[in-house]
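This report looks at one helix and the core around it. Here are the sequence and the model.

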Amino acid sequence: VVAAALLAVAAGACVGFALNLSTVTATYTSTATGVQVVPTMIVQSGRSVAARGASPEYSSSFPAGYAAPVSVTKATSAVSPLWAAVVLPLLGAVAGYFARPKSTAEMQAITIQNIQAADYSTSLVMAAATSKKFVTDKSNTIFEEAKTIMPGGVSSPVRAFKSVGGNPIVFDRVKGAYCWDVDNNEYIDYVGSWGPAIVGHANDEVLDTLRETLVKGTSFGAPCALENVLAKKVIEAVPSVEMVRFTNSGTEACMGMLRMVRAFTNREKVIKFEGCYHGHADGFLVQAGSGVATLGLPDSPGVPAGATAGTLVAQYNDLASVEALLKNNDVAAVILEPVVGNSGFIPPTKEFLVGLREMTTKYGALLVFDEVMTGFRIAYGCAQSYFGVTPDVTTMGKVIGGGLPVGAYGGRKDIMSVVAPAGPMYQAGTLSGNPLAMAAGIKTMEILQRPGSYEHLDKITKKLIEGILAAGKDAGHAVCGGHISGMFGFFFCEGPVRNYQDATKSDTKKFARWHRMMLERGVYLAPSQFEAGFTSLAHTEADIDRTIAIAREVMKEL
């Protein structure tokens, strides 16, 4: 009724003016200007309502992120004929009835930034011109096809959005702190390819280095000089590493590490921690985190009992649980994420890490830090440098490949010397040490060494997580969380969260709603309560402010 009445008035006014022969007009035309769009749903009484003056079709003629020029006409005229005032509104009402919306659509809200206009009202009109529907039709089509040709439609389980609901968005491109899906929706990205994009997606310097390397070949299957360069940079940076072996993934690095520590100590049993994830090797899929926790899976089918017989499980941040196992077993190594990222973000206590170092030395076991996620992210020398606790062996990945597939394990020379061909423990890989991954890793580490890099990561990440937590608490939600440098996370529970059991107390249904609402407004977060988030050097204060503003809106509606 309201829509019909408004349309009637508009129709009567427009035609009446057209019939008036003494019309005088003055026109103001704005120039195109930059705006930022944030997706949201605006629904009233079962139908969509866009900002007055909004017209989705304007956006097709102008670059994304810019408002179309808008002309505003002021008209004055003599009195229109009486019949126009009576008949035309009736005609408009009829037209309004037949033109009324018949379905609810998702509309993007608009966040006005950098609008250069004389007044706020003009800014609203200019920004409204780029308002458009938030749709993921192309993503949905691609994903539905993917489910018929790949298990679950993905190449890695967490990507399927199983724990947060809805279909995943399908990426088209990334740059800096942003990503775009195939429907051309733009998002601020806090996943960063699950950690590697620490200098920002598609960093120009990294891309230039890759182009220079690419013309020489993509893979040699032979020694490459770039391996020496990256190896020396890793050894110089990481306290525990005196020698290093490159692999193609974090999982592969952990598989090689596991075999190596058993070969060196001549012991079979290892201790891991509930909720810590060290790749999908059989021996580690015992009370694991990451996708296993996200999907609520039991220990994976297909893993022989013998493969996990030597894997003992302790509680994170609980030294007593570790010592009980060390006392009663000949343990080759104690393996952990120094900062848990695969059960959500869970930091250790300094006493816990120091105690592990002392206990493993006392019982003749090796201490292994799995720094695939934390390596070069929370500090240039990895978590071991940040906390001042040096393990015997370290696994790495993600960041050291600059966004390309890579992994590595390293440690003391006497331990690494058991690896073939220097020693009897066999491990190999066709693409290990390939020139593209080495080149990207070298350039990424060079960028991270520049003054202010980690200070920037810490500053923006601290502001982000404090803003999210404040938004949640102000809206009456139980939330807790934290950060270290460019790694963060939070839970929908009172906290504190010290281990995986604490993490499971989080309201995962609420997290799922939060994730979807943030996604619809242009913020891409890890699609699981049990995954950490990441920032990059490309994220700006403006990105953080915008994210916090969206988070505050979502927390109020959640």
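## Helix α10

Ser321, Val322, Leu325 and Leu326 are buried in helix α10 (residues 319–328). Buried means under 20% relative accessible area, exposed over 50%, with a 1.4 Å probe and protein chains only. Helices are DSSP runs of H or I with at least four residues, strands runs of E with at least two, numbered from the N terminus.

At the N-terminal end, Asp318 caps α10: one of its side-chain oxygens lies 3.2 Å from the backbone nitrogen of Ala320.

## Packing partners

The buried residues of α10 pack against β13 (269–273), β14 (311–314), β15 (331–336) and α11. Contact means heavy atoms within 4.5 Å. Beyond its neighbours within four places in sequence, Ile271 contacts residues including Val322, Leu325 and Leu326.

## Nonpolar cores

The largest nonpolar core has 38 residues; Ile271, Phe273, Tyr316, Leu326, Leu336, Leu356 and Met487 touch the most other members. Its largest share, four residues, comes from helix α11 (residues 350–363). A nonpolar core is a set of buried Ala, Val, Leu, Ile, Met, Phe, Trp, Tyr and Cys residues joined through side-chain atoms within 4.5 Å.

A second, separate core of 35 residues includes Leu464, Leu469, Phe490 and Ala551.

## Basis

This is a predicted model: local features need pLDDT of at least 70, side-chain atom pairs count only at pLDDT 80 or more, and totals for chains, interfaces and linings use all residues. Residues are numbered from 1 along each chain as its sequence is written, and side-chain values use heavy atoms, leaving out hydrogens and water.

Note on methods:
Polar contact = N/O pair within 3.5 Å; in protein donor to acceptor, adjacent residues only side chain to side chain.
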